[in-house]
Amino acid sequence: MNQSNLPFSRQASSQFPFGSKGLLLGAGALMLYGLTRRSKSGLALATAGGVLAFRAAKPQSAPQNTRATFLVNTSPERAYVLWRDFQNLPRFMAHLKSVQVLEGNRSEWIAVGPMDREVRWTAEITGERPNELIAWRSLPGSDVETSGSVEFRRDPLDRGTYVTAEVRYRIPGGSATAALAGIFGKHPEFMVREALRRFKSLVEAGETPTISGQTHGPRGLHGRTEEVLFRETTNHPEPQAASGLPRIA
Amino acid sequence: MKAVCWMGKERIEVHDVPDPKILNPRDAIVRITTTCICGSDLHLYNGFVPTLEQGDILGHEFMGEVVEVGPGVNKDKISVGDRVVVPFTIACGECQSCKDQLWSLCDNTNPNAWLAEKLMGYSPSGLFGYTHMMGGYAGGQAQYARVPMADVGPIRIPDGIPDEKVVFLSDIFPTGYMGAENCNIRPGDTIAVWGCGPVGQFAIRSCFMFGAGRVIAIDRLPERLRMAEQAGAETLNFDDVDVVEALKDMTGNHGPDACMDAVGMEAWGHGVIFAMDRAKQMTRMQMDRPVVLRQAIMACKKGGTVSVPGVYASFIDKVPMGAFMNKGLTMKTGQTHMMRYMQPLLERIQAGEIDPSFVISHKLPLESAPGAYRMFRDKQDHCTKVVLKPWEQQQAA
């Protein structure tokens, strides 16, 4: 990785879709709500809120790395071309709403966080080797500070292409928020793995599998909670079939 | 449309829900003419398989008419107006698993693969109406269903064959057949089959198709044992005999060449270990009751094969691994690789070699599903297989 010495400023937010200000507000609200409950569980909630607020107010935790590799049944050339066209990224990165290619080697990324909050950053390509590697980082002034790379390596045994993605990020509040993010499927570790899995599906099958928008009976509180726990909520309400995008496979 | 919804443990309700829509390019919508309740649906009914959501539409054995196809569907394979049987496993046809004919292990059809990976290391294919760990796809106990990857799975059925003869190509006939194939049968072999439910019945008949000399069928329900006898099997009632001892006796201390567990996670038995299994399952300390699997391993001949078409969901205790290892056994299992078997088995039906409708004990309108689940679970009214008709009205009682 050639951007391991990337500077991360203390004020910078992260790949994580709520910043430390929002986190502080939320933690405060949780504390207030817990205290007004005047019960043991209320007290527990307030304590949790307190811990969260303390973590959020603390300086940024150290940047972290996440890395995942998937074997995709295609050539490095084809995998590279599909990934390099950044407008394709939202088709397999579930947290992205859009990527707009700008002048030079820049692009504007828009992700959607909880409560439909938009998170934007401008990325620039920092390294590129055709059919092998693409690396990028966010520029100052972005809502998040992140960098990453994706590498394509032909399997010597001819079973396809190993696609390795590595993303560097920071989570405000450290382990407490990381745990919370984990529950809702917003942890970068999860998102990177799922992005690769969906890339593989899109390349091999021409679509990514989904049940988002399918019919079902009354969910009730029970069913709706499970939908969240199983991370089935989505930023892409429009079905893939209606997108009019060309078939990839 | 009307759909059978899982609303909680032992709570099945029929609800009016929105019609399914095309979501992905390779989807199709099927208007369902016949659908069934599977024995594996009873594991869901009893609440023993994790990751169902309240409001899920159940059902994975269905057939009907294609009424809409998505823009990415290969029209040579499936088009509007086709009469099709839909397999219960969903496969993309393009990944390495599919290319290796391991269709139920498709890499690209489970949107919740991460959930399955937590429990199994890697995710099998998506399934219809069978928990969110297996994809959470709405099932086919309904008037319509969305069928993803519609140009891979569904098989065209010519007119002139009634639904009842071909609908079991959706699961239980291929599942019984693969259970028999997994027994590695050589002509004249003796095969013991635990469970004479619908899958067991097809397995018994398939064992003979593969050239088995003897099939010994094990169950406790007289009507199911009779059905096994009609196929030419010898029978054992596990309420009356110690199965492992009886098999030893019947095979001259040799043991069956292969043993098949067509029961799975909710097996019944007797004795202290069985009582412990039940207690552990009730308290969620063990999700599956491996009564039959233990017997199959103990009963199997040295160097024999244990075939497991019965469904298991997670972890089991006290499996006699020492016996398994020291006797040099082989185990073969898996969700059925449906696309391997549907066409050849359809041809056997067309040739008159088998009429699968023999397993049907009840034909009911869709609205009767809640009572039908209970009846099938409690084995009332000699229930072996329930077929549901989504477009027929319920008769006034």
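This is a predicted model: local features need pLDDT of at least 70, side-chain atom pairs count only at pLDDT 80 or more; totals for chains, interfaces and linings use all residues.
View 1. (A salt bridge here is a side-chain nitrogen of Lys or Arg within 4 Å of a carboxyl oxygen of Asp or Glu.) E124(A) sits in strand β4 (residues 118–129) and R137(A) in strand β5 (residues 133–138), 13 residues apart. Helices (H or I, at least four residues) and strands (E, at least two) are DSSP runs, numbered from the N terminus. Is E124(A) buried or exposed? At 15% relative accessibility, E124(A) counts as buried, and R137(A), at 28%, is partly exposed. (Buried means under 20% relative accessible area, exposed over 50%, and partly exposed in between, using a 1.4 Å probe and protein chains only.)

A word on the bookkeeping: residues are numbered from 1 along each chain as its sequence is written, while chains are lettered from A and ligands numbered from 1 in the order in which they are written.

**View 2. A salt bridge from chain B to chain A.** E117(B) pairs with R193(A), and their closest N and O atoms are 2.9 Å apart. E117(B) belongs to helix α3 (residues 113–120) of chain B and R193(A) to helix α6 of chain A, so this pair joins two chains. E117(B) is buried at 19% relative accessibility, whereas R193(A) is partly exposed at 33%.

**View 3. R219(A) and its two partners in view.** R219(A) makes a salt bridge with E53(B), closest N and O atoms 3.4 Å apart, and another with E227(A), also listed at 3.4 Å, N to O. R219(A) is buried, at 5% relative accessibility, while E227(A) is partly exposed, at 22%.

**View 4. Where chain A meets chain B.** The contact (heavy atoms within 4.5 Å) takes 35 residues from chain A and 46 residues from chain B. Together the chains bury about 3,200 Å², 50% of it on carbon and sulfur atoms. That buried area is the accessible area (1.4 Å probe) that two parts lose on being put together, summed over both. On chain A's side, E207(A), T215(A) and F230(A) lose the most area to chain B, together 19% of what that side buries. Across the interface there are 5 salt bridges.

**View 5. An edge-to-face pair inside chain B.** Y177(B) and Y341(B) form an aromatic pair, 5.6 Å centre to centre with 65 degrees between the planes. (Rings of Phe, Tyr and Trp, taking the six-membered ring of Trp, pair if their centres lie within 6.5 Å; planes under 30 degrees apart count as stacked, over 60 as edge-to-face and the rest as tilted.) Y177(B) is in helix α5 (residues 172–181) and Y341(B) in helix α12 (residues 338–350), so the pair ties together parts 164 residues apart in sequence. Both tyrosines are buried.

**View 6. A cluster of rings in chain A.** Here ring pairs link Y80(A), W83(A), F92(A), F152(A) and F199(A).

Notes:
Side-chain values use heavy atoms; hydrogens and water are left out.
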